[in-house]
Amino acid sequence: MTRTTKILVSIAILALVTILLNTAQYTRPYAPSVQFSKQLFLTEYSNTQEPIYPIPDSLTLNPLKVRLGEKLFHDVNLSKNNTLSCASCHDLHKGGTDNLELPVTAIQQRAKNPSQHLFNTPSVFNATFNFVQTWEGQVKTLEQHIAIPLFNDFEMGNENWNQILDYLNKIPEYTLLFSQLYPVPISGEAVTDAIAEFEHSLITPNSRFDRYLKGDRHALTAHELDGYQLFKERGCSTCHHGVNIGSSMFQKSGVFKPMFVTNNNHSQEDQKLLKVPSLRNIALTAPYFHDGSVDNLEEAIDIMAKHQLGISLSSIENDKIHAFLNTLTGLYKGKPL
């Protein structure tokens, strides 16, 4: 066997191991059925000529788990001081975000560690389609992510599962709901699974643009279609593609021109690889960028063009792309966000 052949065999073995490991994460006892339905839907659109796929109308989920997860998602008693819930930062009435530059916990975090980098709160809507969770991609799945806010000192502040489980096991409504789905007493794994099932349900299908992709040629105006064409031609869809129109790759800030300059030096922020954000419901999720530094969508479009694509857009081009982005607001439970 030649050296080249050995290298190719090694690569093939590594790829096989990676596939097996990724498959294994979906065969654990509490694996969400949503993975299979997502795969079926995305396969349907994978051969189209468009860089963007519509969000499916629904996913295969357990409605009892979704109901329980929704209750947990909004329960402030899951935090150590009984003041924060998941919904405190991921408000479903604010596009799944908090509409703040930085989360409510930022003041405390900066007071303790001024040099710590803080991030704008990403939307929880359509997070099920993200290739990784968090800006830095700390974890891959929603199930893995849930522990981060629960046990972060500056978020929900729990030291371990004991306080959470003590509370839940004393509430008759919770014990009844959990007993219908999971072994008793209530466990951390069951809590994680239920919250994740609810988060998987937070999809926003049937935006006007999705209706266009599914064949409704009257869903968009000529002005908005021009914006979509520019979005593709100018290179925006290079990073913002797929079902989530982003959240499928990492990219650094300032590909062509530094975005963060301090004392005429490039900031370390320019060198970081961060998850490309989803553009779904973008009209509702200001302020923009990982640091929440821009409130205005038109300004954000110009900044991205200059720094990520190395081009300048005319005011007409900006207006058309802006009009297209406004068509990406979807429906939740059949109602506009």
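**Cores, helices and loops**

Analyst: The largest nonpolar core has 29 residues, and those with the most contacts inside it are Leu72, Leu168 and Phe178. A nonpolar core is a set of buried Ala, Val, Leu, Ile, Met, Phe, Trp, Tyr and Cys residues joined through side-chain atoms within 4.5 Å. At least two residues of this core come from each of α3, α4 (86-89), α8 (162-169), α9 (172-179) and α10; α10 gives the most, with six residues. This is a predicted model, in which local features need pLDDT of at least 70 and side-chain atom pairs count only at pLDDT 80 or more, while totals for chains, interfaces and linings use all residues. Residues are numbered from 1 along each chain as its sequence is written, and side-chain values use heavy atoms, with hydrogens and water left out.

User: What does phenylalanine 178 touch?

Analyst: Not counting residues up to four places away in sequence, phenylalanine 178 touches Leu68, Leu72, Leu168, Ile186, Ala190 and Val191. Contact means heavy atoms within 4.5 Å. Another core, of 27 residues, lies apart from the largest one; among its residues are Phe209, Ile245, Phe289 and Leu328.

User: What makes α10 largely enclosed by the rest of the structure?

Analyst: Buried means under 20% relative accessible area, exposed over 50%, and partly exposed in between (1.4 Å probe, protein chains only). In α10, 12 of the 13 residues are buried, so the helix is largely enclosed. Among them are Gly188, Val191, Ile195, Phe198 and His200. For the protein, 46% of the 337 residues count as buried.

User: How does the reach of α10 compare with the expected span?

Analyst: The expected span of a helix is 1.5 Å times one less than its number of residues. Helix α10 (residues 188-200) has 13 residues and reaches 18 Å from its first C-alpha to its last, close to the 18 Å expected. Helices (H or I, at least four residues) and strands (E, at least two) are DSSP runs, numbered from the N terminus. The protein has 14 helices and six strands.

User: Why are α3 and α10 called roughly perpendicular?

Analyst: The axes of helix α3 (residues 63-73) and α10 cross at roughly 100° and come within 7 Å. Angles under 35 degrees count as roughly parallel, over 145 as roughly antiparallel, 65 to 115 as roughly perpendicular and the rest as oblique. The pair is therefore roughly perpendicular. Axes are lines fitted to C-alpha atoms, for helices over the stretch in contact, and angles run from 0 to 180 degrees between N-to-C directions. Residues making the contact include Leu68 and Leu72 of α3 and Val191 and Phe198 of α10.

User: What makes α12 roughly perpendicular to α14?

Analyst: Helix α12 (residues 222-233) and helix α14 (residues 315-325) pack at an angle of about 100°, with their axes 7 Å apart. That angle makes α12 roughly perpendicular to α14. Tyr228 and Phe231 of α12 and Ile321 and Phe324 of α14 are among the residues in contact.

User: Does glycine 95 count as buried or exposed, and which residues does glycine 95 contact?

Analyst: Glycine 95 lies in the loop between α4 and α5 (106-112). At 3% relative accessibility, glycine 95 counts as buried. Leaving aside neighbours within four places in sequence, glycine 95 is in contact with Ser123, Phe125, Leu284 and Thr285.

User: Why is isoleucine 311 called partly exposed?

Analyst: Isoleucine 311, in the loop between α13 (297-309) and α14, has 25% relative accessibility and therefore counts as partly exposed.
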